[in-house]
Amino acid sequence: LLIEEKTEILLQQLHDGRVDCALLALPLNHEDQLHAEFVFEEPFVLAVPRHHPLADKTPLRLRDISEERLLLLDDGHCLRDQALDVCHLAGASEKDGFRATSLETLRQMVAAGVGVTLLPALAVQAPVPRSPTLQLRQFADSQPSRQIALVWRKSAANVTFLKRFAELISTLAKPALQLDLTESNEATTPVATKRPRQRQTT
């Protein structure tokens, strides 16, 4: 059984024994009964509307978003707290009057030109479709990221299996974390084409 939930709910389900393990972002505060096995570090990318001033800025630096007001997830999502940390580091702020309930909502709002946001790398990789009105950018100077761990109860009887499972996740995640945003940029860049000249006949 595979489920997706907010961090607080997953932690409670771990304590209650309703799930064997969970993929969660670090750090976990005051969780002495749980073991966290680091599996990978996931970078964030900046998602902007295609015609936003930052869409083609090269190089893009973290300070370049200092005047931006980012679209963020609603309270209870760990990604919200992580994005806020990046905002504070860069001097950016949250866009008032908007709270998304999912990453897909964030993508759609950026594609519609409502604002900009930070997305985790795995949320923009295939098979997630690329939008022609959304541009994905990496930072050149500082790469904000989050650490992901497989978490289980210290009293678990299947620790050997869980450790092997964590190793498998880490191995499978490595190629997906190698960001290549060329496809996204090329897909959103207009290409001028010449029409073939027609030969006139008499």
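**Cavity**

I began with the lining of the largest cavity, whose residues divide into 7 nonpolar, 1 polar and 1 charged. For these classes I counted Ala, Val, Leu, Ile, Met, Phe, Trp, Tyr, Cys and Pro as nonpolar, Asp, Glu, Lys and Arg as charged, and the others, Gly among them, as polar. The model is predicted: local features need pLDDT of at least 70, side-chain atom pairs count only at pLDDT 80 or more, and totals for chains, interfaces and linings use all residues. Residues are numbered from 1 along each chain as its sequence is written, and side-chain values use heavy atoms, with hydrogens and water left out.

I searched the whole structure and found 1 cavity of 30 Å³ or more. On a 1 Å grid over the protein atoms alone, a cavity is a set of points where a 1.4 Å probe fits but cannot get out; a pocket is an open set with protein on both sides within 12 Å along at least five of seven lines; lining residues have an atom within 4 Å of a point. Points are joined across faces, edges and corners, and a volume is the space filled by probe spheres set on them.

The largest cavity holds about 40 Å³. I listed its lining as Leu71, Leu72, Leu73, Leu79, Arg80, Ala83, Leu106, Thr117 and Leu118. H2 gives the most to this lining, with 3 residues. Helices (H or I, at least four residues) and strands (E, at least two) are DSSP runs, numbered from the N terminus.

**Cores**

Next I looked up the largest nonpolar core, where Leu46, Ile65 and Leu118 touch the most other members out of 47 residues. Such a core is a set of buried Ala, Val, Leu, Ile, Met, Phe, Trp, Tyr and Cys residues joined through side-chain atoms within 4.5 Å. Buried means under 20% relative accessible area, exposed over 50%, and partly exposed in between (1.4 Å probe, protein chains only). Among the elements that each supply at least two residues are strand E2 (34-49), helix H2 (78-90) and helix H4 (159-176). E2 gives the most to this core, with 7 residues.

I then checked Ile65, which touches Leu46, Leu54, Ala90, Ala92 and Phe139, leaving aside residues up to four places away in sequence. Contact here means heavy atoms within 4.5 Å. I also noted a second, separate core of 9 residues, including Leu10, Val19, Leu34 and Val151.

The largest pocket has a volume of about 1200 Å³. Of its 34 lining residues, Ile3, Glu4, Glu5, Leu10 and Leu23 are the closest to the centre. Helix H1 (7-16) and strand E1 (21-25) are among the elements giving two or more residues to this lining, and E1 gives the most, with 5. By class I recorded 22 nonpolar, 4 polar and 8 charged residues.

The second largest pocket has a volume of about 400 Å³. Ala25, Leu26, Pro27, Cys78 and Gln82 are the closest to its centre, out of 19 lining residues. H2 supplies the largest share of this lining, 4 residues. I recorded 7 nonpolar, 7 polar and 5 charged residues in it.

**Cysteines**

How many disulfides are there? With a disulfide taken as a pair of cysteine sulfur atoms within 2.5 Å, I count 0. Cys21 is partly exposed, at 23% relative accessible area. Cys78 is also partly exposed, at 26%.
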